[in-house]
Amino acid sequence: EACDPDESAETVMDECAPAISDYLDAISGGDETLSSDGPQVIGSYLDEISTAAGEDATELERRTRSNEASEAVQTYLTEISSGGVEPPAGSGVSSYLEALSSGETKLPKSGEELYKALGGPNDSYLDNLNTPRTKVSSDGMANHPQAPSPRSYAKAICEECTLADEPRESCIAAMSSYLDYVALMGSSVRDHEADAALVEYFEQTAKSLCGNAVREYINEVASSGKAPSAASLLLYINSLARDKIKAPESGRYISINLNEFENEDYSK
């Protein structure tokens, strides 16, 4: 109700920005559960005010940007609700909405881009993802986020994880987010396409047919409820790519390697 794209810029700053900020604080603190409506409403609003700013684009380009923005909002809100990153300051929300509505900035293409646009700390998005994902809400119950469909994770892994000299932070974040979700919610949320995307990337990186080992490891994550940190995952992928460790022969082998990397400085 507070965020009407037809309202004046003054109303946006006075009513909409505080409403969005309060919602992000609520899902971060466990006072409200992230539902499918939240990301959808916020994503639609961002799309509306961006389009109203007069973007010079075709209908297809606008639709593509809108879809990317929706995925970005879903990913970002999921990270906030699960404790992966802190919610932005109210001033960050206000500044971003103003910049978007004036045409100074474009719709976000990823959760990382939205995080930075909202005034996230100068350290990397990956640093802020390197935290436990299960937190306790005010009633003492574990607060498990209602994340986007696992197919969203599959799409993110396929798009972000391409072979390169160094894995991109967005690739590590995509894989880490899926494994976190499986760890939190169990094997019932596993998705064949997301698993296949992980297998393909691992096999290409390790230059070995290690698909069974990767699937075994995902099984272990689901059953143990413990996912690797983004930092240890980055170290592991780098080591595989540089042939510093051999291709995994089992899920247990992956787990052992990741545990060894857990306390290392991934920036080295």
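In what follows, a residue is called buried when its relative accessible area is under 20%, exposed when that area is over 50%, and partly exposed in between, using a 1.4 Å probe and protein chains only. Helices (H or I, at least four residues) and strands (E, at least two) are DSSP runs, numbered from the N terminus. This is a predicted model, in which local features need pLDDT of at least 70 and side-chain atom pairs count only at pLDDT 80 or more, while totals for chains, interfaces and linings use all residues. Residues are numbered from 1 along each chain as its sequence is written, and side-chain values use heavy atoms, with hydrogens and water left out.

Begin with the whole protein, coloured by secondary structure. The protein has 12 helices and 2 strands, and from the N terminus the elements run α-α-α-α-α-α-β-β-α-α-α-α-α-α. Of its 268 residues, 49% are buried. Taking contact to mean heavy atoms within 4.5 Å, residues 24 or more positions apart account for 71% of the contacts with a separation of 6 or more.

Next, select helix 11, residues 230-241. Its 12 residues reach 16 Å from the first C-alpha to the last, close to the 16 Å expected at 1.5 Å a residue, where the expected span is 1.5 Å times one less than the number of residues. How many residues of helix 11 are buried? The count is 11 of its 12 residues, and the buried ones include Leu233, Leu234, Leu235, Tyr236 and Ile237, as well as Asn238 and Ser239.

Helix 9 and helix 11 pack at an angle of about 45°, with their axes 7 Å apart; axes here are lines fitted to C-alpha atoms, for helices over the stretch in contact, and angles run from 0 to 180 degrees between N-to-C directions. The two helices are therefore oblique to each other, given that angles under 35 degrees count as roughly parallel, over 145 as roughly antiparallel, 65 to 115 as roughly perpendicular and the rest as oblique. To see the contact, show Tyr201, Phe202, Thr205 and Ala206 of helix 9 together with Leu233, Tyr236, Ile237, Leu240 and Ala241 of helix 11. These residues divide into 8 nonpolar, 1 polar and no charged, where Ala, Val, Leu, Ile, Met, Phe, Trp, Tyr, Cys and Pro count as nonpolar, Asp, Glu, Lys and Arg as charged, and the others, Gly among them, as polar.

Now turn to the other partner of this tour, helix 8. Cys171, Met175, Tyr178 and Leu179 of helix 8 make the contact with Ala194, Asp195, Leu198, Tyr201 and Phe202 of helix 9. By class, this contact has 8 nonpolar, no polar and 1 charged residues.

Finish in the loops. Most residues other than glycine have a negative phi. Select Lys207, in the loop between helix 9 and helix 10 (211-224), where phi is positive at about 55° although the residue is not a glycine. At 55% relative accessibility, Lys207 counts as exposed. Then select Asp243, in the loop between helix 11 and helix 12 (251-261); Asp243 has a positive phi of about 60° and is exposed, with a relative accessible area of 55%.
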